[in-house]
Amino acid sequence: LRTLESRSCAPQHVREKEITPEEEGRVITLRTAHLRWGKEKLAVLYETTYKQKLSAWKVQYTVKKHGLYFHPKKNAQTQAKRRRSKEKKRITELKKKPFPGYLIALDTIVLWIDGTKRYIFTAIDTCSKIAFARMYTTKSSKNAADFLNRFAYLLDYEIWNTGHDRGSEFHKHFQEAVEELGLTDWWSRPHTPKDNPFNERFNRTLQDEFIAMGHLTADTDRFNREVTEWLIEYAFVRPHQSLGYLTPWQYYSKAARLSPRYSSRTRH
């Protein structure tokens with residue numbers, strides 16, 4: 001019966017502060033005397049003055065905590081501006097243009113296979129319908145970044161925008177990959193699948209014409225090898241009604257000439 005009694009939910013081990021009050025006081029003293037100095041210089045000065053090492057991160061933590069800035073108001077405005085610049089852009093605000101690579105839509109399919117969980121990342125060029133899919137064992141942002149780089153390579157890096165839902169896989173490392181590729185990232189509205197209809201349709205085709213045809217396996221190597229063969233057929237052989245019964249590659253070869261960067265590749 002004791003297991004039914006209410007107990008404290010407080011953690012047994014409480015994380016201690018990473019900077020001591022003494023260290024914090026010393027940083028305040030040094031920063032007050034040198035308001036124009038950055039955290040790296042103050043960290044060096046701290047070691048010289050007190051004969052102890054202190055990370056630049058702890059210096060920055062103290063400066064931020066106590067608002068020890070030369071222009072506190074100006075700094076607050078800068079921080080607010082940075083936060084606004086990182087706000088998610090809604091896909092509904094993007095004015096779509098009819099040339100390949102302008103918008104790449106991404107999504108993730110979650111599958112349970114004999115008690116094993118697998119994740120299939122999918123992507124499709126919303127104009128030419130050239131698509132890509134790859135299975136991973138985890139739905140991490142690192143895997144999402146790897147997937148994006150593979151698809152960008154497939155399209156010779158001729159891509160401008162990425163669109164997807166608010167899944168955790170599209171944060172952190174994925175966002176870093178987006179920045180490295182020089183892309184603009186767009187997000188679907190919460191619980192609104194219709195904001196990404198291209199992926200919804202491709203995911204259904206992938207499951208109906210490939211997975212359901214005897215290719216359901218938790219072996220990622222086998223799946224990725226077999227899905228690659230199917231994707232080649234999808235791009236070069238399968239006619240698409242939405243493309244006037246051209247294959248994605250036939251449409252891409254023609255429509256790519258409309259791209260403003262067609263005659264001048266900017267990535268190699």
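Q: What makes Phe121, Phe132, Tyr136, Phe147 and Phe151 a cluster?
A: These residues are linked by ring pairs. Rings of Phe, Tyr and Trp (its six-membered ring) pair if their centres lie within 6.5 Å. In total, the structure holds 17 aromatic pairs.

Q: What kind of model is this, and how are its residues numbered?
A: This is a predicted model, in which local features need pLDDT of at least 70 and side-chain atom pairs count only at pLDDT 80 or more, while totals for chains, interfaces and linings use all residues. Residues are numbered from 1 along each chain as its sequence is written, and side-chain values use heavy atoms, with hydrogens and water left out.

Q: Why is the aromatic pair of Phe170 and Phe174 called edge-to-face?
A: The planes of Phe170 and Phe174 stand at 75°. Planes under 30 degrees apart count as stacked, over 60 as edge-to-face and the rest as tilted, so this pair is edge-to-face. The distance is 5.1 Å centre to centre.

Q: Why does Phe170 count as buried?
A: Buried means under 20% relative accessible area, exposed over 50%, and partly exposed in between (1.4 Å probe, protein chains only). Phe170 has 1% relative accessibility, so Phe170 counts as buried. Phe174, with a relative accessible area of 0%, is buried as well.

Q: Why is the pair of Phe210 and Trp230 called tilted?
A: The ring planes of Phe210 and Trp230 are at 40°, so the pair is tilted; the ring centres are 5.8 Å apart. Phe210 lies in the loop between helix 7 (197-209) and helix 8 (220-236), whereas Trp230 belongs to helix 8, so the pair ties together parts that are 20 residues apart in sequence. Both Phe210 and Trp230 are buried.

Q: Why are helix 2 and helix 3 called roughly perpendicular?
A: The axes of helix 2 (residues 39-50) and helix 3 (residues 56-66) cross at roughly 110° and come within 8 Å. Angles under 35 degrees count as roughly parallel, over 145 as roughly antiparallel, 65 to 115 as roughly perpendicular and the rest as oblique. Helix 2 and helix 3 are therefore roughly perpendicular to each other.

Q: Which residues make the contact between helix 2 and helix 3?
A: Contact means heavy atoms within 4.5 Å. Helix 2 contributes Lys39, Glu40, Leu42 and Ala43, and helix 3 contributes Ala56, Val59 and Gln60.

Q: How many helices and strands does the protein have?
A: The protein has 9 helices and 5 strands. Helices (H or I, at least four residues) and strands (E, at least two) are DSSP runs, numbered from the N terminus.

Note on methods
Axes are lines fitted to C-alpha atoms, for helices over the stretch in contact, and angles run from 0 to 180 degrees between N-to-C directions.
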